[in-house]
Amino acid sequence: MSGRRGFTLLEVIVASLIMGIAVAGILSGLSTAARNAARLSQSDRAVLFARSKMDEIVSDLKLPRYTPLQGSFDKKAAGGVDAGWTARITAFETVPSPSPGLWSFDRVQLEVWWMDGKTRRTFAMDGYRRSFLRPEDFDGPNLKK
């Protein structure tokens, strides 16, 4: 029997067991990686929407200060996911005695939200713009807060 070559049944079973454990671990890692990739693609999409909306808000000097702004994104553009945004523009820095027609440095606070199944996810972004104060920005003699 010493001249025969091959594996014993016990060696085959042990090798199969080791291979099964390795394959199960690899498949578990792949499913976790796929789940993370899907979550990252949603976050990447939210960042792109936030940048686009921030550019739109910062460039539109007619948008009112101290008024909540909100809207939703096209469901098709959002990959079939419900998504929207909220924003608020406030005077961040002004001249010592503010009055209409003088410059103001505004802060734009933007939050983009989207639904991940039943979970609402958010991404927040701040931006700044230089603009001029308007009469409607004042509450009597004082700047609205």
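Thr94 is partly exposed, with a relative accessible area of 24%. Partly exposed lies between buried (under 20%) and exposed (over 50%), using a 1.4 Å probe and protein chains only. This is a predicted model: local features need pLDDT of at least 70, side-chain atom pairs count only at pLDDT 80 or more, and totals for chains, interfaces and linings use all residues. Residues are numbered from 1 along each chain as its sequence is written, and side-chain values use heavy atoms, leaving out hydrogens and water.

**Thr94**
- Thr94 sits in strand β2, residues 83–94; strands are DSSP runs of E, at least two residues, and helices are runs of H or I, at least four, numbered from the N terminus.
- Beyond its neighbours within four places in sequence, Thr94 is in contact (heavy atoms within 4.5 Å) with Trp103, Ser104, Leu133 and Leu143.

**Asp106**
- Asp106 belongs to strand β3.
- Asp106 counts as buried, at 0% relative accessibility.
- Its side chain makes a polar contact with the side chain of Ser131 at 2.7 Å.
- Another polar contact, of 3.0 Å, joins the side chains of Asp106 and Ser104.
- A polar contact is a pair of N or O atoms within 3.5 Å; within protein, one must be able to donate a hydrogen and the other to accept it, and residues adjacent in sequence count only if both atoms are side-chain atoms.

**Nonpolar core**
- The largest nonpolar core has 19 residues; such a core is a set of buried Ala, Val, Leu, Ile, Met, Phe, Trp, Tyr and Cys residues joined through side-chain atoms within 4.5 Å.
- α1 gives the most to this core, with five residues.
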